[in-house]
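Subject: Structure handover

Hello,

Here is the structure I promised to pass on. Please open it first, then read my notes below.

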Amino acid sequence: MIVELFSGIHGPGHAMRQLDLGLTWGYELDGDAVATARLNGFTVDHGDLSEVDPIIEVGGGVTGLWASPPCQSFSAAGNGNGLTDARGQLVYEPLRWVKALRPEWVACEQVPEVLPIWRVMVRELEALGYSACAFLMRGEQFGLPQTRTRAMLMASRTRTVAPPAPTHQRYVSGEPARPIDGGMFNDDLLPWVSMAEALDAAGIGMPPGEQCGLRFDGTRGQGMVERHGDRPARPTGEPSPTVTAHGKDARWTFHLGATTVKLTVEQAKVLQGFPHDMPMSGSKSAQFKQIGNACPPTMAHPILKELTQ
């Protein structure tokens, strides 16, 4: 059995299904996310993880453990309180569960600001007999149509672990993707995937119009807009900006922003690596929140493959 802590709508769970890794068991506090996960056939308990005894709840026979603790205390768009916030303390929950259950492998995902904490946990896991590493992972380098960067942790008791090798080129603002020619400078990697390519492949498309771009409003932390201004619209021929829980505030902009159209839930799913027709529960705002808080299956897949295949 594989345990998913802070499982949300089971982004890693979708990747586990693709890899045929077997039964997963999730734990999640958000009721709407629990309902969405159950709609998609996942087994998930609804409750506060900090009040759960892993031995009583799960017992033994745990092959793997994935954890994506809440990011609001660390994210630049959150309150910035870090470990002084009760939610920030949840970043240590995965280690408590690992010590209790001793799974074969472990994976954790959080915003980049958590990387120093993951590095401390690497030393703790090594002391428990795991091979472990912590690193930053860029979503567009693994085929996600989005420039999402996350701090990742991998650990295994049965193999030496290392970060997965990128399959796609890194996005550089204003520079086009390079064709594959087998030469130098990552030219042997696939081009990054643009918003337009991903949405067209899903068969849902974008609003038509010249000079169309995507802008996410309300996603910068307190004072960031005053210091740096609003984020500019990202052209649709490039990967999306980071999809966040504020996706309901995202806009397609036309003709230098003279007109705008709201991002749809279906489009947000695709940009986050989920099927556009995946059933969801809750209000539209709740659905955007669930999508933005999820770990994209596209990013979980190469981590899980390295740990299990």
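**Strand pairing**

Strands β1 (residues 2-5) and β4 run parallel and are joined by 4 bridges. Bear in mind that this is a predicted model. Within the pair, L5 sits opposite A67 of β4.

Strand β4 also pairs with strand β5 (residues 105-110). That pairing is parallel too, with 4 bridges. Here W66 has A107 of β5 as its bridge partner.

Now the side chains of β4, which spans residues 64-67. G64 and W66 point one way, L65 and A67 the other. All four are buried.

**Salt bridges**

The whole structure holds 4 salt bridges.

- K289 and D30: the closest N and O atoms are 4.0 Å apart. This pair links distant parts of the chain, 259 residues apart. K289 belongs to helix α10 (residues 284-293), and D30 to the loop between β2 (24-28) and α2 (31-39). K289 is partly exposed, at 38% relative accessible area. D30 is partly exposed as well, at 22%.
- R96 and E93: the closest N and O atoms are 2.8 Å apart. Both residues lie in helix α5 (residues 93-101), 3 residues apart, or about one turn of the helix. R96 is partly exposed, at 31%. E93 has 9% relative accessibility. Buried means under 20%, so E93 counts as buried.
- K248 and D249: their side chains meet at 3.3 Å, N to O. K248 is partly exposed, at 37% relative accessibility. D249 is partly exposed, at 21%.

Best wishes

Definitions and conventions: Residues are numbered from 1 along each chain as its sequence is written. This is a predicted model: local features need pLDDT of at least 70, side-chain atom pairs count only at pLDDT 80 or more; totals for chains, interfaces and linings use all residues. Side-chain values use heavy atoms; hydrogens and water are left out. Buried means under 20% relative accessible area, exposed over 50%, partly exposed in between (1.4 Å probe, protein chains only). Helices (H or I, at least four residues) and strands (E, at least two) are DSSP runs, numbered from the N terminus. Two strands pair if DSSP finds at least two bridges between them.
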